[in-house]
Amino acid sequence: MSEPKFHPSWLEPLRGEFASDYMASLRAFLVAEKAAGKAIFPKGPEWFRALDLTPLDNVRVVILGQDPYHGPGQAHGLCFSVKPGTRTPPSLVNIYKEMEADLGIPPARHGFLEHWAEQGVLLLNAVLTVQMGMAASHQGRGWERFTDAVIRLVNAREKPVVFMLWGSHAQKKAAFVESVERGGRHLVLRAPHPSPLSAHTGFLGCRHFSKANAFLEAHGEKPIDWALPAIG
């Protein structure tokens, strides 16, 4: 991998991860996959897009995903988000439904979530790359250790942060977060995953968006503007 492209606020605290043996193994795996002619999503410059758009000091909300989308033209480094001009995926359709029920925000006509990331919503996948057409193909290669380190950095901050954990995978990954309910400072919101298979078992109706904004405002922070601007 070339020098990672992300905001400098992450670079120094994550330097040890990039110098580690597991990251060297991950780098070798990705180089070999590319050399074998396999298409990898997202593109290399976008692997760390979430960390580029959302500086460590600006993180106010964390949303965890699992893997990048594995279809052409979809993934661009932010969980649940797709590039402009790409059909909105089913899970994001359900996220929009919940936002409308919770905050009265009409569903956006696109699935491009950079507006959230620029406000301090860290849209982090557990695994940052995937082979085209092969869901979960890069799991267990080292990305999970790297993204655990990212979450630990956010957890260690003094400023309270909201963690929106949708589905058992996200909830297990962030189980160590120092939540208010356990005497910590961060608000941890849990719900089923917004996929069509599970959204009706408790994601729809969870009201996480209004709860997140209420917590931020109670701690002197600006609320997130969840309404997505139109794009050309």
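The discussion below takes up a helix pair, a pocket and a serine in a predicted model.

Colleague: Why are α5 and α9 called oblique to each other?

Modeller: Helix α5 (residues 90–103) and helix α9 (residues 208–218) pack at an angle of about 60°, and their axes are 8 Å apart. Roughly perpendicular begins at 65 degrees and roughly parallel means under 35 degrees; α5 and α9 are therefore oblique.

Colleague: Which residues make the contact between α5 and α9?

Modeller: Helix α5 contributes Ile-95, Glu-98, Met-99, Asp-102 and Leu-103, while α9 contributes His-208, Phe-209 and Ser-210. By class, this contact of α5 with α9 has 4 nonpolar, 2 polar and 2 charged residues.

Colleague: What makes up the lining of the largest pocket, by class?

Modeller: The lining divides into 9 nonpolar, 9 polar and 1 charged residues. The volume of this largest pocket is about 350 Å³. Of its 19 lining residues, Asp-67, Pro-68, Tyr-69, His-70 and Ser-91 are the closest to the centre.

Colleague: What makes the pairing of the side chains of Ser-9 and His-7 a polar contact?

Modeller: The distance joining the side chains of Ser-9 and His-7 is 2.9 Å, and the cut-off for a pair of N or O atoms is 3.5 Å. Ser-9 is found in helix α1 (residues 8–11).

Colleague: Which residues does Ser-9 contact, leaving aside its neighbours within four places in sequence?

Modeller: Ser-9 is in contact with Pro-55 and Leu-56. A polar atom of the Ser-9 side chain lies 2.9 Å from the backbone nitrogen of Leu-56.

Conventions:
Residues numbered from 1 in each chain as written. Predicted model: local features only at pLDDT ≥ 70, side-chain atom pairs only at ≥ 80, totals over all residues. Heavy atoms only, no water. Axes fitted to C-alpha atoms, helices over the stretch in contact; angles between N-to-C directions. Helix = DSSP H or I, 4+ residues; strand = E, 2+ residues; numbered from the N terminus. Parallel < 35°, antiparallel > 145°, perpendicular 65-115°, else oblique. Contact = heavy atoms within 4.5 Å. Nonpolar A, V, L, I, M, F, W, Y, C, P; charged D, E, K, R; others polar. 1 Å grid on protein atoms, 1.4 Å probe; cavity = no way out; pocket = protein on both sides within 12 Å on 5 of 7 lines; lining within 4 Å. Points joined across faces, edges and corners; volume = space filled by probe spheres on them. Polar contact = N/O pair within 3.5 Å; in protein donor to acceptor, adjacent residues only side chain to side chain.
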